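Please keep the structure open while reading.

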Amino acid sequence: MTAVEHDADVIVVGAGPGGSATAYHLARHGVRVLLLEKTEFPREKVCGDGLTPRAVRQLIRMGVDTSPEAGWLHNRGLRVIGGGVRLELDWPELASFPNYGLVRTRLDFDDLLAQRAVAAGAKLRTSVNVLGPVLDGDGRVTGVEAEVGPGKEPITFHAPLVVAADGVSGRFPLALGLAKREDRPIGVAVRRYYRSPAKHEDNYLESWLELRSKDSGDNLLPGYGWIFGLGDGRVNVGLGVLNSSSAFGKTNYRRLLTDWLANTPVDWGMTDETNADGPILGAALPMGFNRVPHYTRGVLLVGDSGGMVNPFNGEGIAYAMESGELAAEVMIQALARPAGPERERALLAYPSELKARLGGYYRLGGIFVKLIGRPEIMRIATKHGMPHPTLMRFVLKLLANLTDPRGGDAMDRVINAMTKAAPAV
């Protein structure tokens, strides 16, 4: 049999935050990386555009300049609105994470990360639509089949390892028979940009735990909302609904968003359609490891492709970048071993380490999702929890997964003990 010439040591499918982080950390260690993206940059993605300190840490690890001069809007923490209370919670002071968050639109955020990967040595090819895997006689993935450009010219790329970072759709893992698990939480989010001089330079991310329309009275609308200032005259406004809610899949989410915004102050500019900057767009939020295994037959799943969105707060970018860095570390070690059982043993460290880091936390997140899907519980929680700032600081640390793993304060120790005690998903 003729030996196949490899186009790279690793092929990464998808140049979102997870794929670009994987490619960056691989290339920085001299691994030949081919990063394939089906669209052209810049390109829009449905997202809240807000980054917690957990995501900021990953940007810093990629050498990204996160200064305001580089176009980032900094924020101090989270403003929570619910139960008749408006509470501003600063990000915690920790050794493991920076004490600020960021906001930046995905339009140029993803491009910026892809260019960091290129600068590290990765080869980026855009307008490459990956159709599925190339398999050897043993069913192991040895490359990808793709179409290139507007003419959809067929092309094949070969590599001993492939990373599926193709987002929510997960077309690549689906082609391997890896379907989503129905017993894990999933959410739907919609968002829209509005021109809002009154809110665009907010130094807090704003989270609404209760949504009401003008005529809903005491009845809550399903879901939770956010308003994130972009610093450029606009805000990113959106809402999410979890599958634990009775309204999931039965609601016009776009109408839900406009009903809620109709109840906001007029001077915010979100009650007037003429202030809208673009359409309402939606996307799914695959949570709590809802696609497994994260490694099989030469393929590693990273980010949304592996269902790594945090069930507590809907955050996906931080976990996409973290899983990308971990996948890179594992592959670097694996590629230093001969192909066969030794390399496989090294690659199996990826799902094992993911489970150790996040399995217990995501298990708790699944319980949380089931609880807040019940309006009566959500109403009690906001009414009795919101008036207590110390309790809410604990909740912020838990929801944003921001603790020091060693040492830390009493809150850190309690949260860390809870995640270790919870059986991993």
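A crossing is left-handed if the near helix is turned anticlockwise from the far one by less than a right angle, and right-handed if clockwise. Helices (H or I, at least four residues) and strands (E, at least two) are DSSP runs, numbered from the N terminus. By that rule, H1 passes H6 in a right-handed crossing.

This is a predicted model, in which local features need pLDDT of at least 70, side-chain atom pairs count only at pLDDT 80 or more, and totals for chains, interfaces and linings use all residues. Residues are numbered from 1 along each chain as its sequence is written, and side-chain values use heavy atoms, with hydrogens and water left out.

**Helix packing**

- Two packed helices are described by the angle between their axes and the distance between the axes.
- Axes are lines fitted to C-alpha atoms, for helices over the stretch in contact, and angles run from 0 to 180 degrees between N-to-C directions.
- Helix H1 (residues 17-27) packs on H6 at about 30 degrees, with the axes 7 Å apart.
- Contact means heavy atoms within 4.5 Å. On the H1 side, Pro17, Gly18, Ala21, Thr22, His25 and Leu26 take part. Their partners in H6 include Ile317, Ala320, Met321 and Gly324.
- The residues of this H1 and H6 contact divide into nine nonpolar, four polar and one charged. Here Ala, Val, Leu, Ile, Met, Phe, Trp, Tyr, Cys and Pro count as nonpolar, Asp, Glu, Lys and Arg as charged, and the others, Gly among them, as polar.
- Helix H2 (residues 53-61) also packs on helix H6 (residues 317-335), at an angle of about 40 degrees and with axes 8 Å apart.
- H2 and H6 are therefore oblique to each other. Angles under 35 degrees count as roughly parallel, over 145 as roughly antiparallel, 65 to 115 as roughly perpendicular and the rest as oblique.
- H2 passes H6 in a left-handed crossing.
- Arg54, Arg57 and Arg61 are among the H2 residues in this contact. Glu322 and Glu325 are among those on H6.
- The H2 and H6 contact residues divide into five nonpolar, one polar and five charged.

**Strand pairing**

- Two strands pair if DSSP finds at least two bridges between them.
- Three strands form an open sheet in the order S3-S7-S4, with antiparallel pairing.
- Strand S3 (50-51) and strand S4 (73-75) stand at the edges with a single partner strand each, so one side of each is left without a neighbour in the sheet.
- S4 and strand S7 (residues 101-103) are joined by three bridges. Histidine 74 stands opposite leucine 102 in S7.
- Strand S9 (residues 128-135) and strand S10 (residues 141-148) pair antiparallel over seven bridges. Valine 128 has valine 148 in S10 as its bridge partner.
- S10 also runs antiparallel to strand S11 (residues 153-158), over six bridges. Glutamate 145 stands opposite threonine 156 in S11.

**Backbone geometry**

- Most residues other than glycine have a negative phi, and most peptide bonds are trans.
- Lysine 152 has a positive phi of about 55 degrees although it is not a glycine. Lysine 152 lies in the loop between S10 and S11.
- The hairpin of S10 and S11 has four residues between the strands, and glycine 149 there takes a positive phi near 75 degrees.
- The bond from phenylalanine 41 to proline 42 is cis, with omega near -5 degrees.
- The bond from valine 292 to proline 293 is cis, with omega near 0 degrees.
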